[in-house]
Amino acid sequence: MVHKILCAVDGTSHSDKAVQFAAELASKLGSKLTIASVNVMIGGARSGAMYLKEDRDVQQALDAAAKAAAAGGAKDVATAYLRSREAAAGVVAYAEQEDFDIIVTGTGDKHGLSRLVLGSVAADIAGRAHCTVIIAR
């Protein structure tokens, strides 16, 4: 049985698709839905920790996604603001720690060299996760 669904977002249109799918799934299964966003650490070795985004921007993305999930039919929606050196590692660690049954994430449209150089957070999540991962397109 699916009790807890985690939806990883980053404020992009790809995340919007993931939220829509996760909300529909949570509604149909009667599952709790948590929307999570990772603020990636970009400094900290010799100086203080610095993050890729401002806290208010991450919170705005979380709030917008939670509102969209509720509008999409999810009844029990929570948010989680995560910080990590890597987005995928942060999502997977949180999913394991909180014992989620499914992770839903979106993916971009990278192809060719950009995909090889930049990689894919969604693919990284799928490769590391302890549970089922759904990549919404």
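**Close-up views of a predicted model**

**View 1. Helix α1 and its buried residues.** In α1 of this predicted model, the residues Ser 15, Ala 18, Val 19, Ala 22, Ala 23, Leu 25 and Ala 26 are buried. Seen down the helix axis, the buried residues of α1 fall within an arc of 170 degrees, so they line one face of the helix. On the other side of α1, the residues Asp 16, Gln 20 and Lys 28 are exposed. The cover over the buried residues of α1 includes the strands β1, β2 (32-40), β4 and β5, together with α2 (55-71).

**View 2. The length and the end of α1.** Helix α1 runs over residues 13-29 and has 17 residues. From its first C-alpha to its last, α1 reaches 25 Å, close to the 24 Å expected at 1.5 Å a residue. Gly 30 follows α1 and has a positive phi, near 65 degrees.

**View 3. His 14 in α1.** His 14 is found in helix α1. His 14 and Ala 71 are 57 residues apart in sequence, and their C-alpha atoms are 18 Å apart in space.

**View 4. Strand β4 inside the structure.** Strand β4 covers residues 102-106, and five of its five residues are buried, so the strand is largely enclosed by the rest of the structure. In a regular strand, side chains alternate between the two faces of the sheet. Ile 102, Val 104 and Gly 106 point one way from β4, while Ile 103 and Thr 105 point the other way. The residues on both sides are buried.

**View 5. The strands that pair with β4.** Strand β1 (residues 4-8) runs parallel to β4 and is joined to it by four bridges. Cys 7 stands opposite Val 104 of β4. Strand β5 (residues 132-136) also pairs with β4 in the parallel sense, over five bridges. In this pairing, Gly 106 stands opposite Ala 136 of β5.

**View 6. Thr 105 and its contacts.** Thr 105 has its place in strand β4. Thr 105 is buried, with a relative accessible area of 6%. Which residues are in contact with Thr 105, leaving aside its neighbours within four places in sequence? They are Ala 8, Ala 18, Ala 122, Ile 125, Ile 134, Ile 135 and Ala 136.

**View 7. The aromatic pair.** The count of aromatic pairs comes to one. This pair is formed by Tyr 94 and Phe 100 and is tilted, at 5.7 Å centre to centre with 40 degrees between the planes. Tyr 94 is buried, with a relative accessible area of 17%. Phe 100 is also buried, with a relative accessible area of 3%.

**View 8. Charged side chains over rings.** The ring of Phe 100 has the charged end of Lys 4 over it, 4.8 Å from the ring centre. What lies over the face of Tyr 51? Arg 83 does, at 5.5 Å from the ring centre.

Conventions: Residues are numbered from 1 along each chain as its sequence is written. This is a predicted model: local features need pLDDT of at least 70, side-chain atom pairs count only at pLDDT 80 or more; totals for chains, interfaces and linings use all residues. Side-chain values use heavy atoms; hydrogens and water are left out. Buried means under 20% relative accessible area, exposed over 50%, partly exposed in between (1.4 Å probe, protein chains only). Helices (H or I, at least four residues) and strands (E, at least two) are DSSP runs, numbered from the N terminus. Two strands pair if DSSP finds at least two bridges between them. The expected span of a helix is 1.5 Å times one less than its number of residues. The arc is that of the directions from the helix axis to the C-beta atoms. Contact means heavy atoms within 4.5 Å. Rings of Phe, Tyr and Trp (its six-membered ring) pair if their centres lie within 6.5 Å; planes under 30 degrees apart count as stacked, over 60 as edge-to-face and the rest as tilted. A charge sits over a ring if NZ of Lys or CZ of Arg is within 6 Å of the ring centre and within 35 degrees of the ring normal.
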